[in-house]
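Please prepare a short briefing on the structure shown below.

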Amino acid sequence: MSFSAAESISHSLDLAPIGPVDLAAERAELGSAFEDTALRVLRSGGYVLGPEVEAFERDFAAYQRASYGVGVGSGTDALILALRALGVRPGQKVLTTPYTFFASAGAIAWVGAVPSFVDVDPKTALMRTDQVAAALDQETVVLLPVHLYGQLCDVRALRELADARGVHLLEDAAQAHGAERDGVRSGQLGDAAAFSFYPTKNLGAAGEGGMVVTRDGELACRIAKMRDHGSVAKYVHDSVGTNSRLQALQGALLSLKLPHLDRWNARRRAIAAAYDAAFEGHAILRPLRVEPGSVHAYHQYALRVVAEAGARERLVEALNTERISAAVHYPRAVHCQVAAREWGVGPGDFPGAEQLAREVLCLPVHPFLSEADVQRVIEAILRHAPQ
């Protein structure tokens, strides 16, 4: 039986949408505890920092196998404050990746430093460790890898390189809550690691939020002061900081969700395994490679569409017609952005990043997808994939 075009569109409209996240399903799973927690904080009258944030800082740092956590206003602030606390000065270089959300490089520039880049492996989207040593010149003071889509870079190797060259290692772990590689969890080996709790993250707040985790107590103290205008006590300021304090409501809700994170991440991995099996050996659809020893958090499930220009976009359009969300993260590499021109880079400099910007398509992988949802996504992808 075949559908006419009109019948096909009508059929698609009858289907429930499959989105990139399902915050309503998450709230439903948490039950009345979600609203009870929010109401408890609202009734307390303590809305900024305080015991709710302190408890979450302690528990999340321990979860990431770090010693200290400092809650801040966003994941971007976590990067900026960590860079400042590590002593990065204007004009110095910070080495990072050209294939990530712009905030990774933007935070470097915001503190007056100069972003420099090492290309990514197009099979994993991760920083090419084999190119890092040559890129660490005398002006580089921080190595900032990005654990993109929820898979860790080779942190052990990067730690060794950082130590050998005398530079700091700051992990951008905004997408890697609970991820591991070779027995090391995100934030465990870096001098510091920056996390985001934007609502769409694996561990998401009910608004903005971020945290820096570290093993260094002095570094944690510096960040804690900077997030509160450099204050060591009320109206006492021994340095210049800013206002980037995590709200009590976010701390409380994140504490409520944290015990569920391992199970939610495991469900993401199960969905990713179903996708991998469905696309194995496909000539056009190529999942990113998971490195040996990795425990992927699958903030995103990234699929390369290796076909002629425009094929990925046509596939996105076809999936959207069937009410299946398909997103492109990220359609333009960082070094190809207009804002990057002053850093002395441009199109053609990092071909691996540019290849991924042309090919990557991200599929729904949130933990509240049903088995029927997953099968529907698979069937739609295979039906509309370029031949």
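**Cavities, pocket, sheet and salt bridges**

The second largest cavity has a volume of about 70 Å³. Of the 13 residues lining the second largest cavity, Leu-288, His-296, Tyr-298, Gln-300 and Ala-302 are the closest to its centre. This is a predicted model, in which local features need pLDDT of at least 70 and side-chain atom pairs count only at pLDDT 80 or more, while totals for chains, interfaces and linings use all residues. Residues are numbered from 1 along each chain as its sequence is written, and side-chain values use heavy atoms, with hydrogens and water left out.

**Cavities**
- On a 1 Å grid over the protein atoms alone, a cavity is a set of points where a 1.4 Å probe fits but cannot get out, and lining residues have an atom within 4 Å of a point.
- A volume is the space filled by probe spheres set on the points, which are joined across faces, edges and corners.
- The lining of the second largest cavity comprises eight nonpolar, four polar and one charged residue (nonpolar: Ala, Val, Leu, Ile, Met, Phe, Trp, Tyr, Cys and Pro; charged: Asp, Glu, Lys and Arg; polar: the others, Gly among them).
- The largest cavity has a volume of about 100 Å³.
- Its lining has 13 residues, and Glu-26, Lys-201, Arg-268, Pro-367 and Phe-368 are the closest to the centre.

**Largest pocket**
- The largest pocket (an open set of points with protein on both sides within 12 Å along at least five of seven lines) holds about 620 Å³ of space.
- Among its 33 lining residues, Phe-101, Gln-175, Lys-201, His-299 and Tyr-330 are the closest to the centre.
- Helix H5 gives the most to this lining, with three residues; helices (H or I, at least four residues) and strands (E, at least two) are DSSP runs numbered from the N terminus.
- The lining divides into 16 nonpolar, 13 polar and four charged residues.

**Sheet**
- Three strands form an open sheet in the order S12-S14-S15, with antiparallel pairing; two strands pair if DSSP finds at least two bridges between them.
- The edge strands, S12 (285–287) and S15, each pair on one side only.
- Three bridges join S12 to S14 (residues 301–305), and Leu-285 has Val-305 as its bridge partner in S14.

**Salt bridges**
- The whole structure has 21 salt bridges, each a side-chain nitrogen of Lys or Arg within 4 Å of a carboxyl oxygen of Asp or Glu.
- Arg-65 forms one with Glu-180, their closest N and O atoms being 3.0 Å apart.
- Arg-65 lies in the loop between helix H4 (51–63) and strand S1 (68–72) and Glu-180 in strand S6 (residues 180–181), so the pair ties together parts 115 residues apart in sequence.
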